[in-house]
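Good morning, colleagues. I shall speak briefly about helix packing and charged side chains, and I ask that you keep the model in view.

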Amino acid sequence: MIKQYKFNISITEKCNLCCPHCYTRNKFGSLTEDKLDKIIRNLEDGLTRVKIEGGEPYLERDLFYDTIAKFKHRFPKAEIRANSNGVAFYKDRDTIIREADKLYYLGVKKLRISLDKFHEDGGANLAKVTFIKKVLDEIKHPLDVEYM
């Protein structure tokens, strides 16, 4: 019998906020494609869920999308989740929908977005962050957005 497990991966320490509580502040490292490939290759079968996070994964957008695609390819039945502060795509309604479509198409089922005083103090506009879920709920988008 194959052991089932969940896996979290931080693809970057980079962030576009400066939150007072964050341990990644002033760090700039990110995974390379080679390291990502090695991590995924060395994971055992049985992965049921992967959470992709950072720092802020959108600061390494291509790596973020590649990470999603590579996990989906290697573990097609695993649930893929992502964490973000939402700043990279709360620009306007069209950007929100376009990004949600992209994530869902790649295989992300749940997007968790930071929504707290720490992130506001770090530079996030919480009104714009809450607009993300409102837009997606309004159009009944299948990407599940949850605030943390």
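A residue is called exposed when its relative accessible area is over 50%, buried when that area is under 20%, and partly exposed in between. Please bear in mind that this is a predicted model.

By that definition Lys117 is exposed, because its relative accessible area is 54%. Its side chain meets that of Glu120 in a salt bridge, at 4.0 Å from N to O. Glu120 is partly exposed, with a relative accessible area of 38%. Elsewhere, salt bridges with shared partners join Lys110, Arg112, Asp144 and Glu146 into one network. The structure holds 14 salt bridges.

I turn now to helix 2, residues 61-74. Its 14 residues reach 20 Å from the first C-alpha to the last, close to the 20 Å expected. Which of its residues are buried? They are Leu63, Phe64, Tyr65, Thr67, Ile68 and Phe71. The elements covering them include helix 1, helix 3 and strands 1 to 4.

Lys70, also in helix 2, counts as partly exposed, at 24% relative accessibility. Its side chain forms a salt bridge with Glu33, at 2.6 Å from N to O. That pair links distant parts of the chain, since Glu33 lies in helix 1, 37 residues apart from Lys70. Lys70 also meets Asp37 in a salt bridge, at 2.6 Å from N to O. Asp37 likewise belongs to helix 1, and here the separation is 33 residues. Glu33 is partly exposed at 30%, as is Asp37 at 28%.

How values were computed
Residues are numbered from 1 along each chain as its sequence is written. This is a predicted model: local features need pLDDT of at least 70, side-chain atom pairs count only at pLDDT 80 or more; totals for chains, interfaces and linings use all residues. Side-chain values use heavy atoms; hydrogens and water are left out. Helices (H or I, at least four residues) and strands (E, at least two) are DSSP runs, numbered from the N terminus. The expected span of a helix is 1.5 Å times one less than its number of residues. Buried means under 20% relative accessible area, exposed over 50%, partly exposed in between (1.4 Å probe, protein chains only). Contact means heavy atoms within 4.5 Å.
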